[in-house]
Amino acid sequence: MKALYLVRYGEIGLKGKNRKHFENLLTANIRRALQGVAECRVEQKHTRNFVEVISGDAAAVEARLQQVFGIVSLSPVAVAGLELEEIKNVAAGEFSKVAREGLRFKVNTRRANKQFPLTSPEVSAEVGAHLLRTFPELAVDVHEPEAVLDVEIREQQTYIYTRRIPGLGGLPVGVAGKGLLLLSGGIDSPVAGWMSMKRGVTVEALHFHSFPFTSERAKEKVIDLCRQLARFGGKIRLHIAHFTEIQKELRLKTPERLSITLMRRMMFRIAERLAVRRGALALITGESLGQVASQTMESINVIERVTTIPVFRPLIGMDKQEIMDLSLRIDTYPISIRPYEDCCTIFLPESPATKPRLQDVEAAEAALEIETLIADCLAKIETMEISPANY
Ligand code: ATP
Ligand code: MG
């Protein structure tokens, strides 16, 4: 064995069957995230997961575990038997990785194994004294320690660790059902997809492409965004809808100042039909209130009226800077800022209506064969499955 990680998850609200489902999904997601990285054994034990790195790069395993939703924290652990002497020696070996002059520390013992002859405080005192003898420059501080050595005495063995590496938190992807993400090539929608995945949603993506107004490279950009998102949630099914005919019709037959609203309404109608077909229970968008003309409350209201399916907007209350920071953290930012045109920016009117009125929009739509346009678009959707990017 090269390394062993103790992986913790949050347990709030987890009961009965739900809990088993949650745990099994998390274990499956961990296994998937580690595929091709290192040879590992993943095991559920004591309401946690243990990941044993058999061969391969432990640092890479650690990095991957930090990208699995549902993991609250992880610790690389050393293992000792149930003899106090061995526990003290292994503890000293572990502690040598963090020990430095003047370090204030404490030992924290948990004893799940009630057969063990010493109580938890006794073990802490014994191990603490041994650490002080081994590293004379240390100081004990039980109230505000700078370092904690954890000793967990279980039935078969003892786990000893000093580090707690934060995970992403959230829920394992797959626990919440499926959502259909309207994915543009911009900064916001990939972040919205990530935030939904964080709450356990399995994400499929739908992109509206306007070839030849938008280039092949715009499509590649969306594929790359999916590859990046797939790192967090596994393979993503991406649907590409060809939007050119609809945009031409809109341009020909409807007033320019309503074009964004009309375009969005068409997108939502198509997305809802696809969602039903794919068993998705909600649409997900990257809208954030007040960011642009189509994201005023009036616009959102008029746009959403064409659907009955719930629409999730995980970014609704976030500032642009916060969204950008998150997109940097999840590595979608460098892809999002590649300078390829999006279908909506191409048809951007000079002065878009920021407060479109439903009756004007409906009157404009009377000039269109909406059902035919939707059916044609749906019939030509291309679907592909995108695997995670290497990292
Ligand atoms: P983004 O950065 O996600 O593009 P944005 O601030 O540029 O967001 P808009 O262009 O107004 O906002 O789009 C609002 C939302 O509509 C997007 O977040 C996305 O969910 C959806 N959307 C926009 N264009 C497309 C497209 N070509 N294909 C699929 N969805 C789209
Ligand atoms: Mg956009």
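Predicted model: local features only at pLDDT ≥ 70, side-chain atom pairs only at ≥ 80, totals over all residues.
The term covers a side-chain nitrogen of Lys or Arg within 4 Å of a carboxyl oxygen of Asp or Glu. Both residues sit in helix 1 (residues 16–34), and because they are four residues apart, about one helical turn separates them. Helices here are DSSP runs of H or I with at least four residues, strands are E runs with at least two, and both are numbered from the N terminus.

Is E23 buried or exposed? E23 is buried, with a relative accessible area of 7%. Buried means under 20% relative accessible area, exposed means over 50%, and partly exposed is what lies in between (1.4 Å probe, protein chains only).

## Salt bridges across the sequence

E152 and R48 also meet in a salt bridge, this one at 2.6 Å, N to O. E152 belongs to strand 8 and R48 to strand 3 (residues 48–56), so the pair ties together parts that are 104 residues apart in sequence. Both ends are tucked away: E152 is buried at 2% relative accessibility, and R48 is buried at 9%.

Then there's R100 with E146, a salt bridge at 3.4 Å, N to O. R100 is in the loop between helix 3 (84–95) and strand 6 (104–111), while E146 is in the loop between strand 7 and strand 8, so this pair links parts 46 residues apart in sequence. R100 is partly exposed, with a relative accessible area of 43%, and E146 is partly exposed too, at 41%. Back at R48 and E152, salt bridges with shared partners join R48, R110, D150, E152 and R154 into one network. Over the whole structure, a search turns up 30 salt bridges.

## A nonpolar patch

L132, V140 and V142 make a nonpolar surface patch of about 230 Å². Patches take residues with over 30% relative accessible area and no salt bridge, joining like charges within 9 Å and nonpolar side chains (Val, Leu, Ile, Met, Phe, Trp, Tyr) within 5 Å. Where does V142 lie? V142 is in the loop between strand 7 (139–140) and strand 8 (147–153), and at 49% relative accessibility it counts as partly exposed.

## The chain as a whole

The domain assignment, which is automatic or from a database, gives domain 1 (3–79), domain 2 (82–156) and domain 3 (178–386). Taken over C-alpha atoms, the centres of domain 1 and domain 3 are 34 Å apart.

The protein chain has 14 helices and 16 strands. Its radius of gyration is 27 Å, well over the 21 Å that the globule rule gives for 391 residues, so the chain is more spread out than a compact globule. That radius is taken over C-alpha atoms, and the rule is 2.2 Å times the number of residues to the power 0.38. Along the principal axes, the C-alpha trace spans about 85 × 35 × 35 Å.

## Burial, contacts and surface

Of the 391 residues, 52% count as buried. Among contacts (heavy atoms within 4.5 Å) between residues at least 6 apart in sequence, 79% join residues at least 24 apart. The accessible surface comes to about 18,100 Å², and 51% of that belongs to carbon and sulfur atoms. Accessible areas come from the Shrake-Rupley method with a 1.4 Å probe; for residues, only the protein chains shown count as cover.

## Ground rules

Residues are numbered from 1 along each chain as its sequence is written, and chains are lettered from A and ligands numbered from 1 in the order in which they are written. Local features need pLDDT of at least 70, side-chain atom pairs count only at pLDDT 80 or more, totals for chains, interfaces and linings use all residues, and side-chain values use heavy atoms, with hydrogens and water left out.
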